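Dear colleague,

Please find below the structure that I am handing over to you. My notes on it follow directly after.

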Amino acid sequence: MLSEKIYTTLKNPVITEKAAIEKSTSNTYIFKVAKEATKKDIKNSIEEIFSLTVDSVRVLNTKFKNKRTRFGKYKTSTYKKAYVKLADGKEINLENPFK
């Protein structure tokens, strides 16, 4: 039985040029995850939701950035990022991940 924690651990995938390069060179996907998520939680979530085997998980806490517009100054929000490396030959279709 899948718990609610498995589905709330992963927030959304990070889709940037750097993430695309990581995906093509080392089969690594980048996800925004919950702040309280551990490496084991992230690994279990990926394996249960997508039915894949995970080789390794690296976690990064991002820092805020100071931004400035003509209306004033503000800080961007902080979040936790997970770099998930999958086994060779496995992939996640980010357009429709549940196929």
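Helices (H or I, at least four residues) and strands (E, at least two) are DSSP runs, numbered from the N terminus.

This is a predicted model, in which local features need pLDDT of at least 70 and side-chain atom pairs count only at pLDDT 80 or more, while totals for chains, interfaces and linings use all residues. Residues are numbered from 1 along each chain as its sequence is written, and side-chain values use heavy atoms, with hydrogens and water left out.

The buried residues of H3 are Asp-41, Ile-42, Ser-45, Ile-46, Ile-49 and Phe-50. They lie on the same side of H3, because they cover an arc of only 130° around the axis; the arc is that of the directions from the helix axis to the C-beta atoms. An α-helix has 3.6 residues a turn, so residues three or four places apart point the same way. Buried means under 20% relative accessible area, exposed over 50%, and partly exposed in between (1.4 Å probe, protein chains only). Among the elements that cover the buried residues of H3 are H1, strand S1 (10–13), S2, S3 and S6. Just after H3, Ser-51 has a positive phi of about 55°.

**The nonpolar core**

The largest nonpolar core has 18 residues, and those with the most contacts inside it are Phe-31, Ile-46, Phe-50, Val-84 and Leu-86. Such a core is a set of buried Ala, Val, Leu, Ile, Met, Phe, Trp, Tyr and Cys residues joined through side-chain atoms within 4.5 Å. Two or more residues of this core come from each of strand S2 (28–33), helix H3 (39–50), strand S3 (54–61) and strand S6 (80–86). H3 gives the largest share, four residues. Not counting residues up to four places away in sequence, Val-84 touches Asn-27, Thr-28, Tyr-29, Phe-31, Ile-42, Ile-46, Val-54 and Ser-56; contact means heavy atoms within 4.5 Å.

How many salt bridges does the count come to? It comes to one, where a salt bridge is a side-chain nitrogen of Lys or Arg within 4 Å of a carboxyl oxygen of Asp or Glu. The side chains of Lys-5 and Asp-41 form a salt bridge (3.4 Å, N to O). This pair links distant parts of the chain, with Lys-5 in helix H1 and Asp-41 in helix H3, 36 residues apart. Lys-5 is partly exposed, at 48% relative accessible area, whereas Asp-41 counts as buried at 17%.

Thr-9 lies in helix H1 (residues 4–9) and counts as buried, at 4% relative accessibility. The side chains of Thr-9 and Ser-45 are joined by a polar contact of 3.5 Å. A polar contact is a pair of N or O atoms within 3.5 Å; within protein, one must be able to donate a hydrogen and the other to accept it, and residues adjacent in sequence count only if both atoms are side-chain atoms. Ser-45 is itself buried, with a relative accessible area of 1%, and its side chain reaches the backbone oxygen of Asp-41 at 2.9 Å.

With kind regards
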